[in-house]
Amino acid sequence: MLKGWKKIPDAAEYFGVSVRTMRTLLNEGFPHSTLPSGTKLINLEDGDTYLRQFGNEQKNQEIIDDLLEGIAT
């Protein structure tokens with residue numbers, strides 16, 4: 001699939017979420033641009049970068065949890 005700018009339904013499909021969830025993500029800070037017409041466009045590469053930060057946070061928390069579990073036993 002070519003990466004680039006997509007409208008909400010196509011971006012939702014790319015990220016594996018519903019259109020409704022995609023709209024919620026946009027309202028919560030997911031990177032996008034709004035055209036003067038009101039159309040919202042999502043750059044898939046920017047979205048991938050945005051989502052990676054949460055994967056790192058989750059992985060870091062898993063490492064911390066494992067370390068604490070090792071200390072507690």
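This is a predicted model: local features need pLDDT of at least 70, side-chain atom pairs count only at pLDDT 80 or more; totals for chains, interfaces and linings use all residues.

Student: What pattern does the protein follow along the sequence?

Tutor: The pattern is β-α-α-β-β-α. The protein has 3 helices and 3 strands.

Student: Why is α1 called roughly perpendicular to α2?

Tutor: Helix α1, residues 8-15, packs against helix α2, residues 19-27, at an angle of about 100 degrees. Angles of 65 to 115 degrees count as roughly perpendicular, and therefore α1 is described as roughly perpendicular to α2. The axes of the two helices are 9 Å apart.

Student: Which residues make the contact of α1 with α2?

Tutor: From α1 come Ile8, Pro9, Ala11, Ala12 and Phe15, while α2 contributes Val19, Met22, Arg23 and Leu26. Sorted by class, this contact has 8 nonpolar residues, no polar residues and 1 charged residue.

Student: How do you know that the buried residues of α1 line one face of the helix?

Tutor: The buried residues of α1 are Ile8, Ala11, Ala12 and Phe15. Viewed down the axis of α1, these buried residues fall within an arc of 105 degrees, so they line one face of the helix.

Student: What is found just after α1?

Tutor: Glycine 16 is located there, with a positive phi of about 75 degrees.

Student: What makes β1 and β2 edge strands?

Tutor: The open sheet has 3 strands in the order β1-β3-β2, and the pairing is antiparallel. β1 (5-7) and β2 (33-34) each have a single partner strand, so one side of each is left without a neighbour in the sheet.

Student: How do you know that β3 pairs with both β1 and β2?

Tutor: Two strands pair if there are at least two bridges between them. β1 and β3 are joined by 3 bridges, and β2 is joined to β3, residues 40-43, by 2 bridges.

Student: Why is aspartate 48 counted as buried?

Tutor: The relative accessibility of aspartate 48 is 15%. Buried means under 20%, and so aspartate 48 counts as buried. Aspartate 48 lies in helix α3, residues 44-72. Apart from its neighbours within four places in sequence, aspartate 48 is in contact with Lys3, Tyr14 and Phe15.

Student: Is glycine 29, then, buried, exposed or partly exposed?

Tutor: Glycine 29 has 43% relative accessibility. Buried requires a value under 20% and exposed a value over 50%, so glycine 29 counts as partly exposed. The place of glycine 29 is in the loop between α2 and β2. Its C-alpha atom is separated by 9.6 Å from that of tyrosine 50, which is 21 residues away along the chain.

Student: How many of the protein's residues are buried, as a percentage?

Tutor: Buried residues account for 19% of the 73 residues in the protein.

Key: Residues are numbered from 1 along each chain as its sequence is written. Side-chain values use heavy atoms; hydrogens and water are left out. Axes are lines fitted to C-alpha atoms, for helices over the stretch in contact, and angles run from 0 to 180 degrees between N-to-C directions. Helices (H or I, at least four residues) and strands (E, at least two) are DSSP runs, numbered from the N terminus. Angles under 35 degrees count as roughly parallel, over 145 as roughly antiparallel, 65 to 115 as roughly perpendicular and the rest as oblique. Contact means heavy atoms within 4.5 Å. Ala, Val, Leu, Ile, Met, Phe, Trp, Tyr, Cys and Pro count as nonpolar, Asp, Glu, Lys and Arg as charged, and the others, Gly among them, as polar. Buried means under 20% relative accessible area, exposed over 50%, partly exposed in between (1.4 Å probe, protein chains only). The arc is that of the directions from the helix axis to the C-beta atoms.
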